[in-house]
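I would ask everyone to look at the sequence and the structure before we go through them together.

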Amino acid sequence: MDEVIISRAIIESYFKNLIDSLDVDVAIAGAGPSGLTAAYYLAREGIKTVIFEKQLRVGGGMPGGGMMFNNIVIQEDAKEILDEFKVRAKKYKDGLYIANALETVSALCLKAMKAGANIFNLISVEDVMIRESAQDEEIITGLVINWSAVSWSKLHVDPLTVRSKVIIDATGHDGEVCRIVEKKLGPKLRTPRGDIMGEKSMWSEKGERELLDNTKEVFPGLIVTGMAANAVFGSPRMGAIFGGMLLSGKRAAEIAIEKLNVVKVLK
Ligand code: 48F
């Protein structure tokens, strides 16, 4: 067994995957529940999909369940998504189901990857690429990425880029991609004020109810999903009920699919 052959196998296959992911249909920032769900429903349709995840592991806030009790609650509406992912869920009461957080994250990740999505961990999205459409409209055309270790170590290292027909911000409470757009392009988001409205305090029912409406194209070429959608549109957080995250991820995939059929011609 030659260690150098092992190293070569890892490096060659990794870089083949990375190069293959430089020009995609949909690039997703964040491998939490909403990003993983979106990736699965896109890849299942044969859409070339990649996720860049800042952390070492996937799952975002899901493995922690509620205050580290690693179970999650899912409401009736989202049960069919759990079934699609073959996650076991027990009925609790009043249309609520309980599932294991780790089983759910594992299933989301496995199904997304088996459907064909590529996931790169330890890579952060630090900016977006902008072009003008033929209608002089600013449009996001890609992501600017770097090793997470670079920003954690505060190193000055220039990033690389990924071109994508559609971008999905699935970065959770911080809504990092939308925040970058707001910071660099001004208050041009499709929110009532044009800026990020900010997440409101815990109100599970309202947060879950508003999440699907908040899941939308928030800037040309950029769809926002999951907790990022509620943060951007000023809706409440909802705690360890996760049905909305799954439904929002699926909705983001549907919007992306609609958009991919009408891609604007760039100048
Ligand atoms: O936070 P996260 O799980 O977002 P989500 O899919 O789900 C929210 C729930 O976990 C929970 C909740 C349920 O009611 O409120 O909080 O909306 O996953 C977001 C992922 O994005 C990654 C981050 O590490 C996490 O795994 N992420 C954040 N910023 C970046 C990023 C970035 N700049 N580049 C790449 N990944």
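Predicted model: local features only at pLDDT ≥ 70, side-chain atom pairs only at ≥ 80, totals over all residues.

Residues are numbered from 1 along each chain as its sequence is written, and side-chain values use heavy atoms, with hydrogens and water left out.

A word on naming: helices (H or I, at least four residues) and strands (E, at least two) are DSSP runs, numbered from the N terminus.

Let us begin with helix 2, residues 33-43, and helix 9, residues 243-260. Their axes are 7 Å apart, and the packing angle is about 45 degrees. Axes here are lines fitted to C-alpha atoms, for helices over the stretch in contact, and angles run from 0 to 180 degrees between N-to-C directions. That angle makes helix 2 oblique to helix 9. As for the wording, under 35 degrees counts as roughly parallel, over 145 as roughly antiparallel, 65 to 115 as roughly perpendicular, and the rest as oblique.

Which residues of helix 2 meet helix 9? They are Pro33, Ser34, Thr37, Ala38, Tyr41 and Leu42, where contact means heavy atoms within 4.5 Å. Their partners in helix 9 include Gly249, Ala253 and Ile257. By class, this contact of helix 2 with helix 9 has 10 nonpolar, three polar and one charged residues. Ala, Val, Leu, Ile, Met, Phe, Trp, Tyr, Cys and Pro count as nonpolar, Asp, Glu, Lys and Arg as charged, and the others, Gly among them, as polar.

Helix 2 also packs with helix 4, residues 101-115, at an angle of about 30 degrees and with the axes 8 Å apart. Helix 2 and helix 4 are therefore roughly parallel to each other. Among the residues that meet are Leu36 and Tyr40 in helix 2, and Val105 and Leu108 in helix 4. The contact of helix 2 with helix 4 has 10 nonpolar, one polar and one charged residues.

Helix 9 has a further neighbour in helix 7, residues 204-214. The angle there is about 5 degrees, with the axes 9 Å apart, which makes helix 7 roughly parallel to helix 9.

Three of them form an open sheet in the order 3-5-4, with antiparallel pairing; two strands pair if DSSP finds at least two bridges between them. Strand 3 (71-75) and strand 4 (89-91) stand at the edges with a single partner strand each, so one side of each has no neighbour in the sheet. Five bridges join strand 3 to strand 5, residues 96-100, and Val73 has Ile98 in strand 5 as its bridge partner. Helix 4 packs on this sheet, touching strand 3 and strand 5, and its direction makes about 80 degrees with that of strand 5.

Elsewhere, strand 10 (residues 216-219) and strand 11 (residues 222-224) pair in the antiparallel sense over three bridges. They form a hairpin with two residues between them, and Gly221 in the turn has a positive phi of about 90 degrees.

Finally, how many salt bridges does a search of the whole structure find? It finds 18, each a side-chain nitrogen of Lys or Arg within 4 Å of a carboxyl oxygen of Asp or Glu. One of interest here joins Lys184 and Asp127 at 2.9 Å, N to O. Lys184 lies in helix 6 and Asp127 in strand 7, so the pair ties together parts that are 57 residues apart in sequence.
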